[in-house]
Amino acid sequence: MIRRILSIDGGGIRGVFPAAFLATLEDALGCRVADYFDLIVGTSTGGIIALGLGLGWPAGEILDFYKAIGPRVFAGNPLLRAIRRIGVSKYSQQPLRAALEEKFNGVLLGSSTKRLVIPSLNLENGQIHLYKTAHHRKFRQDYKERVLDIALATAAAPTYFPTQVTNAGIPLIDGGVWANNPIAVAVVEAIGVLEWPRESLRVLSLGCTMPPFDAGAARKLPLGLGPWAAKIADVFMAGQSSGALGTAYTLVGHDNVYRIAPTTPKGRYGLDAVKSINDLAGLGSFEGRNYCARLEPVFFQEPAEPFQPFYTADF
């Protein structure tokens, strides 16, 4: 039996790209894309998309949601935001919380119709924190968690949004600090936890666009803290994504991994570039049209088997 996995990167408002890509596939194929995947893994903005898909939202609805909330979540004077960011998070969590609360409306993770894995990081001990649906007998707790709280945790990007503290007092931040590209998390979950044969896996990995990598003078010169400060995040992100993809290629086979993350000009799309929402949507639609015929025979022939969790909110 073929098992199909959808992996979605983090990237702030650039999540419009994968949302538009999936919405275009839905329009072209006349189906709801989530129905065709056995496992969905998403980090940060990709985590929000994954949660929406798991709750049965059409991709077009997720795209409309992003277009509506983007200007509210990333609002304010750019200069004041830059000054604010020195001492506290660049943005208040409240607009994002309000938008997600209205959309998710108290729903629990146990309501997901798909197997989900959503990464975050525990700031108390530096260990990874993975929210998972009850797709294994040992996963007895997360299905009781509110989708709202999971979304806020995986999207709590350092310097952009404040830390999300759980009801149990655990301080969580954006899963993108260690798994911005969560494809390795997805493949390890499929093979190591779900025990699906590696030869049965087909993986669709969606990035949120990708600027060309440029380490600048750091390639050759012994630079200090100042010059490195502007480059270090890009270096970490590039290395993490490359390593994650390499892991997936090794475990599943290069021909069974479909990675879609178009390279865009440097600085073209920022994490909070709300003025580029329509451009990102257009790019996602364009790429969706280009890849539809290639992806259809691999991922969209027959719907995935219904997900039967080990535990539900009724227990």
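User: Which residues are buried in α2?
Analyst: In this predicted model, α2 spans residues 45–54. The helix is mostly covered, with ten of its ten residues buried. The buried residues in α2 are Thr45, Gly46, Gly47, Ile48, Ile49, Ala50, Leu51, Gly52, Leu53 and Gly54.

User: Which residue with a positive phi follows α2, and near what value is its phi?
Analyst: Most residues other than glycine have a negative phi. The residue that follows α2 here is a glycine, Gly56, and its positive phi is near 95 degrees.

User: Where does Ser44 lie, and is Ser44 buried or exposed?
Analyst: Ser44 is in the loop between β2 (39–42) and α2. Its phi is positive, near 60 degrees, in a residue other than glycine. A residue counts as buried under 20% relative accessible area. Ser44 has 7% relative accessibility and therefore counts as buried.

User: Asn105 also has a positive phi; is Asn105 buried or exposed?
Analyst: Asn105 is not a glycine, yet its phi is about 50 degrees. Its place is the loop between α5 and β3 (115–122). The cut-off for exposed is over 50% relative accessible area. With a relative accessible area of 63%, Asn105 is exposed.

User: At roughly what angle do the axes of α5 and α6 cross?
Analyst: Helix α5 covers residues 94–104 and helix α6 covers residues 147–154. Their axes come within 9 Å. The crossing of α5 past α6 is right-handed, and the angle is roughly 145 degrees.

User: Which residues of α6 are met by α5, and how many residues of each class are in the contact?
Analyst: From α5, the contact involves Leu96, Arg97, Leu100, Glu101 and Phe104. These meet Val147, Leu148, Ala151 and Leu152 in α6. By class, the contact of α5 with α6 has seven nonpolar residues, no polar residues and two charged residues.

User: Which residues does Thr154 touch, leaving out those up to four places away in sequence?
Analyst: Thr154 is in helix α6, and its relative accessible area of 0% makes it buried. Beyond four places in sequence, Thr154 touches Gly42, Thr43, Ser44, Gly47, Ile118, Pro119, Ser120, Asp174 and Gly175.

User: How many aromatic pairs does a search of the whole structure find, and what are the centre distance and plane angle for Phe74 and Phe161?
Analyst: The search of the whole structure finds 15 aromatic pairs. The rings of Phe74 and Phe161 form a tilted pair, because their centres are 5.9 Å apart and their planes are at 50 degrees.

User: Which parts does the pair of Phe74 and Phe161 tie together?
Analyst: Both Phe74 and Phe161 are buried. The pair ties together parts that are 87 residues apart in sequence, because Phe74 is in the loop between α3 (59–73) and α4 (78–87) and Phe161 is in the loop between α6 and β5 (164–165).

User: Which residues form one aromatic cluster with Phe299 and Phe300?
Analyst: Phe299 and Phe300 form a tilted pair, 6.3 Å centre to centre with 55 degrees between the planes. Phe299 is buried, with a relative accessible area of 0%, and Phe300 is buried at 7%. The cluster also includes Tyr36, Phe37 and Tyr258.

User: Which residues does Phe37 touch, not counting residues up to four places away in sequence?
Analyst: Phe37 is in the loop between α1 (16–29) and β2. At 0% relative accessibility, Phe37 counts as buried. The residues touched by Phe37 are Arg4, Ile5, Leu6, Lys114, Leu204, Phe299, Phe300 and Ala304.

User: Which residue lies over the face of Trp57, and at what distance from the ring centre?
Analyst: A charge sits over a ring if NZ of Lys or CZ of Arg is within 6 Å of the ring centre and within 35 degrees of the ring normal. Over the face of Trp57, at 4.7 Å from the ring centre, lies Lys103.

User: Is Phe236 buried or exposed?
Analyst: Phe236 is in helix α10, residues 232–252. At 57% relative accessibility, Phe236 counts as exposed.

Methods. Residues are numbered from 1 along each chain as its sequence is written. This is a predicted model: local features need pLDDT of at least 70, side-chain atom pairs count only at pLDDT 80 or more; totals for chains, interfaces and linings use all residues. Side-chain values use heavy atoms; hydrogens and water are left out. Axes are lines fitted to C-alpha atoms, for helices over the stretch in contact, and angles run from 0 to 180 degrees between N-to-C directions. Helices (H or I, at least four residues) and strands (E, at least two) are DSSP runs, numbered from the N terminus. A crossing is left-handed if the near helix is turned anticlockwise from the far one by less than a right angle, and right-handed if clockwise. Contact means heavy atoms within 4.5 Å. Ala, Val, Leu, Ile, Met, Phe, Trp, Tyr, Cys and Pro count as nonpolar, Asp, Glu, Lys and Arg as charged, and the others, Gly among them, as polar. Rings of Phe, Tyr and Trp (its six-membered ring) pair if their centres lie within 6.5 Å; planes under 30 degrees apart count as stacked, over 60 as edge-to-face and the rest as tilted. Buried means under 20% relative accessible area, exposed over 50%, partly exposed in between (1.4 Å probe, protein chains only).
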